[in-house]
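Dear colleague,

I am handing over the structure below, and I would be grateful if you could look through it before reading my notes.

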Amino acid sequence: MNAPNRCPTTVFDSSSGPVEEPDRTEQARHEALWKIGRNTIRFQKMEAILKSLCLICSHFDIAKLREKPDIHRDKRTMGQLAGTFAKAAYRADERPPPTGKPTIRFNLIPNESLGTGKARLEALTAVVEGRNRLIHRWLVNFDQESATKCEQLVAKLDAQWAHTQDECDLLVSIWRDVREGLIDLHAYFQSDQFEEDLRRAREG
């Protein structure tokens, strides 16, 4: 006969008082550590996408566009990247200053249904604040020896995961679309049409 479902129990040690069940503590610790890693990886993924999008939204000369940008050289914080991206993605009317040489400018304009640049920045800022809470508060106060504390952290990590899902999916979708555009752009750079367009631009 199967044992009935029951809540985790607490055992007692006469010398030190109540002690949480070892199996419960180990299971809660394992789940908390796994979900810390899961959430952290998501934040790192979003930060890497923001770095790539910020580079693409920036003004590059043609020589740099032929190269693959190294996002690891970008030392900006995730909050700074979020601000740069939100501003760059909604600057349709902005024109770069003249440089005296041919340039190609990228401007990423998300679908209007996604709201304004301010709305996007607010959403990304909330993600950044969540990341900072995880790294600078939750991990600092993480008590691995307490099943209760681990379970409380797991609940917060699950809520954070759900809260960041839509924004993560959106960034991934934007990056996939941009990456497809970059493939087309690379083919253009290798074409005779590009050389012809470049010649005309240099001639005036």
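I begin with E167, which lies in helix α5 (residues 147–189), where helices are DSSP runs of H or I with at least four residues, strands are runs of E with at least two, and both are numbered from the N terminus. At 10% relative accessibility E167 counts as buried, a word used for under 20% relative accessible area, with exposed meaning over 50% and partly exposed in between (1.4 Å probe, protein chains only). Apart from neighbours within four places in sequence, E167 is in contact with M46, R120, A123, L124 and V127, contact meaning heavy atoms within 4.5 Å.

Please keep in mind that this is a predicted model, in which local features need pLDDT of at least 70 and side-chain atom pairs count only at pLDDT 80 or more, while totals for chains, interfaces and linings use all residues. Residues are numbered from 1 along each chain as its sequence is written, and side-chain values use heavy atoms, with hydrogens and water left out.

On confidence, the chain averages a pLDDT (the predictor's confidence in each residue, from 0 to 100) of 77, and 68% of the residues score at least 70. The mean is highest in helix α1 (residues 22–57), at 91, and lowest in strand β1 (residues 10–13), at 43. Over residues 1–17 pLDDT stays under 50, and for this stretch the model has 13 contacts beyond four places in sequence.

As for the overall fold, the chain holds six helices and four strands, which follow the pattern β-β-α-β-α-α-β-α-α-α along the sequence. Of its 204 residues, 34% are buried, and among contacts between residues at least 6 apart in sequence, 73% join residues at least 24 apart.

Turning to the side chains, a search of the whole structure finds one aromatic pair. The rings of Y188 and F194 have their centres 5.4 Å apart and their planes at 80 degrees, so the pair is edge-to-face; rings of Phe, Tyr and Trp (its six-membered ring) pair if their centres lie within 6.5 Å, and planes under 30 degrees apart count as stacked, over 60 as edge-to-face and the rest as tilted. Y188 is partly exposed, at 28% relative accessible area, whereas F194 is buried, at 2%.

C150 is buried at 0% relative accessible area, and C168 is buried at 7%.

With best wishes
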